[in-house]
Each structure stands twice: as structure tokens, then as C-alpha cells.
Amino acid sequence: MATNATTASHCPSPMKATSNGVFQGDSPLDYALPLVILQICLVIALTRILAFLLRPLREPRVVAEIVGGIFLGPSVLGRNEKYLNAIFPTKSLTVLDTLANLGLLFFLFLVGLELDPKSLRRTGKKALSIALAGISVPFVLGIGTSFALRATISKGVDKAPFLVFMGVALSITAFPVLARILAELKLLTTDIGRMAMSAAAVNDVAAWILLALAISLSGTGRSPLVSLWVFLCGSGFVLCCVIIVPPIFRWMAQRCPEGEPVEELYVCATLVAVLAAGFVTDTIGIHALFGAFVIGVLVPKEGPFAGALVEKVEDLVSGLFLPLYFVASGLKTNVATIQGAQSWGLLVLVITTACFGKIAGTISVSLMCKVPFTEALALGFLMNTKGLVELIVLNIGKDRKVLNDQTFAIMVLMAIFTTFITTPLVMAVYKPAKSKGKGDHKYKTIERKDTNTQLRILACFHSTRNIPSMINLIEASRGTEKKEGLCVYAMHLMELSERPSAILMVHKARKNGLPFWNKGKQSDCDQVVVAFETFRQLSRVSVRSMTAISPMSGMHEDICNSAERKRAAMIILPFHRHQRVDGTFETTRTEYHWVNKRVLEQAPCSVGILVDRGLGGAAHISASNVSYSITVLFFGRHDDREALAYGARMAEHPGISLTVIRFLPGPEVSGEIVRVDINTSFSASEESADERFLMEFKSKISNDDSSITYEERVVRNSTETIEVIREFSQCNLFVVGRMHESQVTAKLNNNSDCPEIGPVGSLLTSPEFSTSASVLVVQQYMIAKKSPPPSVTSTKVAEMPEGDLESA
């Protein structure tokens, strides 16, 4: 009885789930549910703030999450006992740990989804050699470091499990974090990126095997045979899963066709399988996380099934439950335990050993494989990335009494430091060379002396909504068979979100090449690729599908870099607004507006913005059925010349009739122009260029058929200009220049909030102007850059950052 009483006095009373409310005298902090809600809100708010502060350094979010967990623990805020006892009392830690590990269980399932066993089998000898060196060298050095730690701050711990835990902790490469860093630096599809991903995948699998060995060795005070039984049973479980699970998942995936929602029954069955596998591995004694990871690896990666699982699970797990794991880890980390010269010296030793082992091992093997030194150095820094998996290893070691408080704190700081330095070091040492073909980018505009040369267009789109009109525009642009033809690079613009999972990004990248090319191999049933592949086979146009996956803030760089590398003469972008059923426009996403504006400012070639009103309908029209009426509105200057050059190119198509309307200012307007135009010499040269261009154009008309009509209209004010434009509102497509420096267009639509489509484009897309015609607004690339007035935007070419989308 006395013993029971003593035990009861030391054990905190269990917490009830919900309170009766403050009005009945209950404090919500004394009850499990309101307390865990407060804990989740607190850690999410803190980690998101830290992630925002670290964003300029391009650090992965896991760094902010680990630091946030430490900040909330005894190292910083936890020094205040009142705060620690109120927000993270000892009696709440069981609930906290349970929820954290449940979230971690499903997150490890997502990590397993990212690993494709087929890609591991295809891993080349070079990547495999780098992976083995990246594991073995730091593992051996980790074992060496463990002797120094056991002799000083880790006296009395079991030798075998401590050696293995230290070796595993130093040899891990965080696969999800590495994918995020590579994508952020636009290295995912370069040679170094693909090599790093392949090596990290092998490293990840090897680390889990070694961790299973370490856990099986860390039994407390039992016979050595127990460790052997744990390891054998774990191996048997994996073998059974490999035989039984894949056929079941393949059957589920086959019953989930592309384009249709995945049945809830299959998703629920998969999640139950994850929990059941976790229960089995926990029963065996190698931690529940292993079961979840194995199930994730065995889920088929083809088709929509894996993507649907990610969508269903990821946001809830990574947004709500997973942050609790960082808090649980942070509560175990007390940096204050690192005291004295000896402890800080050991911290430096551990960091140095971890970095040296990974970097030196990777560099040495890379150089033996004839990888250039700068790439080998960057590869070494990339393979040194730690993350959540490192934290899992350390927490398991702490829970199993293999790592004490001081050793645990040292290892956590090592993980933060090595991950933090990865991005800046890679950016410093690895600057991919610009394409050698950069100087050969001769034709940066559609207007050119030799119109028989090949025309290269980079056509961008956000979703399948943009595809039919974009394909019909490409069909109209293909010219005649006499010319060298049309080459189109169709780029699907996808946002790289803040989600930790990289499955969609990584697998699309690895299947589609540079940057995410479809090189004729049968890819997954991607509607986008299928649409353009079908068009390529039915037409005489060379079409290559691409996918650019990047944050919205850097998407314009991907577009401009790709246009320069592919020597495109024009970039075609979809307007950031789409037409509704009632004919009005609504914003698709505001971010697309900013992407378009930045591309206009920095493009290395001409740019067209397509305002889509259903050009050709909702499907691709075959060449024999094309019947479009296209109108070019010509006011003068370089953008209008580019628009007319494009219109003349489209008029070569047998199913297209082109009408060119040249607006000439009346006497009253001409007088105003003379008084307004300051740079008269520039104006005169532009006018003479207009006249020469129009003379050449009209001479070609006289020799050809009557599919091209040219008219000149004299207008005295904006009202007359609008009336003339209304006469042609029944056409299928307007092609107009973006900027007009004349009084004829100055007052057309001054209140537009879309300066990127210019005054004429704003008029044609305004609710007051009734038309069903799509609008293509063209800006010509200008070599001579002058400082424009604030109301006029001229094209400038900015040097792109060194981060490349491609390696070729």
C-alpha cells in the first residue's frame, strides 16, 4: 500500500479530454483537447513565421520547423518554468507524443510514396557508387566519433547500439529535403540533380535498413537472441509485404482511371493498411514508422492513385500533426546542457566529422567517376542534407536511452547546421554555365528579313483550359510547306507549392527530362502531353512538351531561360483572366498577372499575351477545317510591326483570311502628336521603318491571292477609332501591338488595370466592347534599350540567374 501511495504521489493525474468552460471554473489548459489545440496553433504560427524569415535565404521549411521546436522547448522559452508547466505540462506529453507519432506515421508513408523502387533498380553505377561512398565513409567516421563521445559525455551507454546509431545519424541524406532544395535552385533536372536524387534514394533505403538494425540491437537487458529475432521478424514482414501488397495496390490503381476521382473506399483501405503495418512493426519491436514507410514504397507510382493519396493525406498531416513532432523533439532538446569547452569542442567535432565524411566521400568517388570538380563539390554539399529522418533517428535513440540529453542536443544542432549551409554553399560553388547556343539566338522576333527561316515559339499554359485555343493558334501559325517550318515548345507552368511532398514534382521531372521533356517515350496518361502529341502527329508542326515547376516568384525566370535556350522568337502567354459563361472576364490567379508582367520586362525575345475567348472552339480543329478571320490593327511603331508580321505568317494558312487596318491620324490629331512627341528623331526613324515595312507587305499582297485585305482609315479622335474597330468585331482573332505612342490610342482605355496588354488590348477585353474574338497582344523584342517614361513600358533584357532549368 505504501508503495502504491508513493507511486500515485509521483504520477500526474490523467487529463480529461474536454472542459466545462471558463464560466464553470475550468481552465482549458488543464484539459487535453483545448491544450493540444493551443499547442498546434502555437507551433504552426511560430514555424510559419520562421519559414517566412528564412525564405530570402532559400532554406527548406524543415529548418524553420526544427528551430521552432527548439525555440518552444527548454532551450529558449522553456527556461520560463511557468510557461513550460502551463503550455507543455508533463501530463500532456503522452497525448502530444501520440498525436505527433500518428502524424509522423502518415508522413513516413508519404516519404515512401516518393521513392520508386523501379528507379532504384535503374540507378546507374555512377549514382550507386556515390551513394555507397556517401553512406560508408560518414558511417565509419560516425563510429569513430562515438568512441570519443562514449569516453566523455556518453559514459555507460550500450556500445553496439550507440555505435550504429551514431553511424546512421551521420550518414543519412534527407531525400524529401534534398528534392525541395534542388527544385528551389532549379537543379532538379540537371545532371547533378538527377545524380543527387538517385544517390539520395539509395541512401534513404540503406539508412532505414541500418536504423532497423540499430533498433533491434537496442533492446534493454534481454538476451542477444531477442535482437536477432527482432531483425529476422522485421525482414520477414518486409518480404511478406513485397509479395502480398503490390498486387492488391495494382488492382486498386487499375480501377482508378485517369481524370476520375479515386474512390473513397480505396483511400480508406490504404490508410488502414498503413496503420495495420505500423501496428505489426511496433509489435515486432522495430517502431511503427517502418511499417508505414514500407507500405508507401510499395504503392504503385503510375496513374492517379498515388497522387490522390498525397492530396488526401498531405495537408492534414504536414499542416497539423507533423509540427507536433518538432515540438516533441524540441522539448527533448536542451541546448543549455552543452556547457564547457569539452562539450562545445565535441559539437565542433561532430559537425566537422559529419560534413567531412559526406562531402569528402562523395567528392572522391565523383572525381573517380570523372565528374567535374565543381559538380562533385556541389554534389557533396547536397548529399550532406539532413532533415526529418535525421530527427527521427535521434528521437528513437533518445527514447531507447541510447542517446543522453547532451549527445541528443549536439546531434540536433549538427542536423540544423548541415541542412542550413547546403543551399548557400551549393549556390556559391555551382553556377551552371550558360548555354553555348546563347550567341546563336539570331531570330528574337517574328519580323525578320528572311521569312523562310524556321519560326520557334514557346507556348505557355497553366491548365487544360488553355490548351484548345493554344493549339488552334499554333495550327494557324504554321505557315507554308516551302518554309523551314514551325517549332513549338509547349510549356506547362506548374507551381512548386510549399508542400513537403515532392512526389508529383520529382516523378514528372525524372520522366520528362530537360526541363521535363517528353522525348517520345510513353509517359503517364497526362492529358497535356497527350493533347500536344496528338496535334504533332496530325499536323506538320514540331511540338515538344515541357513542364516548368517552380515557385510563382521565379516562374518568369524559367520561361525566359527556356526561351533563350530554345532560341524562341516569341513567347506566348495566356492572359491571367479567363472568360466566364456570361462573357465577362474573371481573374484565374493574381500571381499569373505578375508572372506575365515580369516576362514582358525580361524576355529575350518577342512576347504575345493571348486573351482567350474560345479561338476555334473547345477542341483542336484539323487543318482542312480551319476557317478563321483575323484582323490586325496597325497604329505604327515596333510592336505593331511585330503584330503584322505574325498576322502575315498566319495568312499563309489556306483557311485564314487576314484584314489589316492601318489607322492614320487626321489633321487635328497630327498637330497634337507633333507637340507631344519629344524625341522627334526617334519618331521619324520609327515612321520610316513603318513605311518600309508596309511597302514590303503591300508588294507581297499584290502578287498573292485575295485572302489578305489592307485598308487605311483616317481617324480624328478615340471615338472614331473605336467605331472603326467595332466594324471588325465579328472576326475570330484580333492581333494588336502592345504599346502605342500616339494620340489616336492614348485615350482608348486609360483606366485599365492591365497595362501589360496595352490600350488597344484593354479596349478589346473591356465589357463595353462587345465581341467574341480572341485577342493576341504582341510586344516586339527591342535590342536598343532606352529609359521610357513611367506611362510607357519598353522591353528590357535582364541577365538571368545562373540556376538552370536544363543541363543542355
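Trainee: What is the mean pLDDT of the chain, and what share of its residues reach 70 or more?

Mentor: The model is predicted. The mean pLDDT is 79, and 81% of the residues reach 70 or more.

Trainee: What makes Arg61 and Glu65 a salt bridge?

Mentor: Their closest N and O atoms are 3.3 Å apart. The cut-off is within 4 Å, so the pair qualifies.

Trainee: How are Arg61 and Glu65 placed in helix H3?

Mentor: They are 4 residues apart in H3 (residues 61-72), which means a separation of about one helical turn. Both Arg61 and Glu65 are buried.

Trainee: Why does the pair Asp399 and Lys332 count as a salt bridge?

Mentor: The closest N and O atoms are 3.0 Å apart. That is within 4 Å, so it counts. Asp399 lies in helix H17 (residues 388-399) and Lys332 in helix H14 (residues 304-332), so the pair ties together parts 67 residues apart in sequence.

Trainee: Why is Asp399 called partly exposed?

Mentor: Its relative accessibility is 48%.

Trainee: Which side chains meet in a salt bridge at 2.7 Å, N to O?

Mentor: Those of Arg662 and Glu691. Arg662 lies in strand E9 and Glu691 in helix H26 (residues 680-703), so this pair ties together parts 29 residues apart in sequence.

Trainee: Is Arg662 buried or exposed?

Mentor: Buried: its relative accessible area is 11%, and the limit is under 20%. Glu691 is at 36%, so it counts as partly exposed.

Trainee: Which residues do salt bridges that share partners join into one network?

Mentor: Arg662, Glu691, Lys698 and Glu712. A search of the whole structure finds 12 salt bridges.

Trainee: How many strands form the open sheet, and in what order?

Mentor: 10 strands form it, in the order E3-E2-E1-E4-E7-E12-E11-E8-E9-E10, with mixed pairing.

Trainee: What makes E3 and E10 edge strands?

Mentor: Strand E3 (542-550) and strand E10 (708-715) each have a single partner strand, so one side of each is left without a neighbour in the sheet.

Trainee: Why are E9 and E10 called paired?

Mentor: 8 bridges join strand E9 (residues 656-665) to E10. Pairing needs at least two bridges, so E9 and E10 qualify. The two strands run parallel. Leu658 has Ile708 as its bridge partner in E10.

Key. Residues numbered from 1 in each chain as written. Predicted model: local features only at pLDDT ≥ 70, side-chain atom pairs only at ≥ 80, totals over all residues. Heavy atoms only, no water. pLDDT = per-residue confidence, 0-100. Buried < 20%, exposed > 50% of the residue type's maximum accessible area, 1.4 Å probe, protein only.
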